[in-house]
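Trainee: Before I plan anything around this protein, I would like to go through its model with you, question by question. Could you show it to me?

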Amino acid sequence: MKYIIKEQECGYLLKNGVLEKILFAGKYHLFSWMGYELKTISMIGKVDTQGLPAELLMKHPEFASRVVRVQIPDACIGLHMVNGAYQQVLMNGEALYWNVYETNEIRLVDVTGTLITEEQVPRMYRNLIPARMYKKIVIGDGETGLLYIDGHYTEQLACGTYYYWIYAHEVSCKIFNLKIQQLDISGQEILTADKVGIRLNILCSYRITDPLSLVQKMEGSGKLLYAKIQLLAREYVGRYRLDELLAQKEEIGKFLYEQMKTLQEEYCVEILDVGIKDIILPGEIRDIMNTVLVAEKKAQANVIMRREEVASTRSLLNTAKLMEDNRILYRLKELEYLERICDKVGSISLNGAGNILEQLAGLTLPKEMKAS
């Protein structure tokens, strides 16, 4: 029987099921009745052994010289490179590839360490590694991370992206936000000294300064700050009557700020500001205060109106005195009234004799001024 093996192929020649030889490109005449069998495979990529043991194939020099064979132990992975480019990650087992028409290279990487370095695996190829083999830690802007390996604190990480092997170690990281944070304490029901229930809305700005001491002392600073400010607010409000509190709203924030500043080291934070956003009164108290406020504003408005009336009357009196003492000013006033009449009246009819100016003036001037 005639067989043709192409240039990129080879053939396993078996006689009665036993590998006799490896054939390469060419024409071959084989007789099956003599027990010969030829298995043709491609010499590109992974070696197809056709069920033959690799040890048996490697005994043939013409085969061994054309392949690359690597045993990948349990504690390693193999980075498979084809013509200098990363192709894939190979796990434990045997890697057998042809090195005829392309260059295959298997680079072993120990995964029993911790940090994945650039020399081990370049960053651009790390996504090829199975996710169960490594842990990716991302520290953003304004954040820091506390790294723990096998439950023990190792180092504090700055902003960046880190990769760690988790094949032989347990890796974890606690990430803390070092930016300014705002704590909103809303709707705190507190009784004043005169037993009036009010609600406070408090704002607190802070930032974490010592993450390592924080995790060693407490679970989190936010809840503790919240509870402490609550207690301080109750202590302060309970000392004063409602009127006194409303008069010194800013003093509450100053008191809370000064008290919290003394606790900065204990809570591993920096207190930047504490202030009162709102003081919410009960409905009936609010209605009473609104009524008082309206009454006060009406009284102020009445005072202003009376003051303006007095000023207007005084101005009229002064004008009258000036006109009484000065006939020219009186005459100018007459002309002013005439001007007003001319502006607003379309036509005027006059009867009898006499001075027209005097008659016009008589239409507008009061009796007292006529008599004078």
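Predicted model: local features only at pLDDT ≥ 70, side-chain atom pairs only at ≥ 80, totals over all residues.

Trainee: What share of the residues is buried?

Mentor: Buried means under 20% relative accessible area, exposed over 50%, and partly exposed in between, with a 1.4 Å probe and protein chains only. Of the 372 residues in the protein, the buried share is 32%.

Trainee: In what order do the strands of the open sheet with β7 stand?

Mentor: Two strands pair if DSSP finds at least two bridges between them. Here 5 bridges join β7 (residues 76-82) to β8, and 7 bridges join β7 to β10; the pairing is antiparallel. The 3 strands therefore stand as an open sheet in the order β8-β7-β10.

Trainee: Why is one side of β8 and of β10 left without a neighbour in the sheet?

Mentor: Both β8 and β10 (104-110) stand at the edges of this sheet. One side of each is left without a neighbour because each has a single partner strand.

Trainee: Is β7 largely enclosed or open, judged by its buried residues?

Mentor: Cys76, Gly78, His80 and Val82 point one way from β7, whereas Ile77, Leu79 and Met81 point the other way, and all are buried. Because 7 of the 7 residues of β7 are buried, the strand is largely enclosed by the rest of the structure.

Trainee: Which residue in the turn of the β7 and β8 hairpin has a positive phi?

Mentor: Valine 82 has alanine 85 in β8 as its bridge partner, and methionine 81 stands opposite tyrosine 86 in β8. The two strands form a hairpin with 2 residues between them, and the residue in the turn with a positive phi, of about 55°, is asparagine 83.

Trainee: Is leucine 90 buried or exposed?

Mentor: Leucine 90 is found in strand β8 (residues 85-90). Leaving aside neighbours within four places in sequence, leucine 90 is in contact with Ile72, Ile77, Gly78, His80, Ala95, Tyr97 and Ile106. With a relative accessible area of 11%, leucine 90 is buried.

Trainee: Which backbone oxygen does the side chain of asparagine 104 reach?

Mentor: Asparagine 104 has its place in strand β10 and is buried, with a relative accessible area of 3%. Leaving aside neighbours within four places in sequence, its contacts include His80, Met81 and Val82. At 2.6 Å, the side chain of asparagine 104 reaches the backbone oxygen of tryptophan 98.

Trainee: How far is the backbone oxygen of threonine 117 from a polar atom of the side chain of arginine 126?

Mentor: Arginine 126 is found in the loop between β10 and β11 (134-139), and is buried, with a relative accessible area of 3%. Not counting residues up to four places away in sequence, arginine 126 touches Ile116, Thr117, Glu118, Val121, Tyr134 and Tyr163. The separation between that side-chain polar atom and the backbone oxygen of threonine 117 is 3.3 Å.

Trainee: Which residue in β3 stands opposite tyrosine 12?

Mentor: Another open sheet of 3 strands has the order β3-β2-β5, with antiparallel pairing, and its edge strands, β3 (18-23) and β5 (36-42), each pair on one side only. Strand β2 (residues 9-15) is joined to β3 by 5 bridges. Opposite tyrosine 12 stands isoleucine 22.

Conventions: Residues numbered from 1 in each chain as written. Heavy atoms only, no water. Helix = DSSP H or I, 4+ residues; strand = E, 2+ residues; numbered from the N terminus. Contact = heavy atoms within 4.5 Å. Polar contact = N/O pair within 3.5 Å; in protein donor to acceptor, adjacent residues only side chain to side chain.
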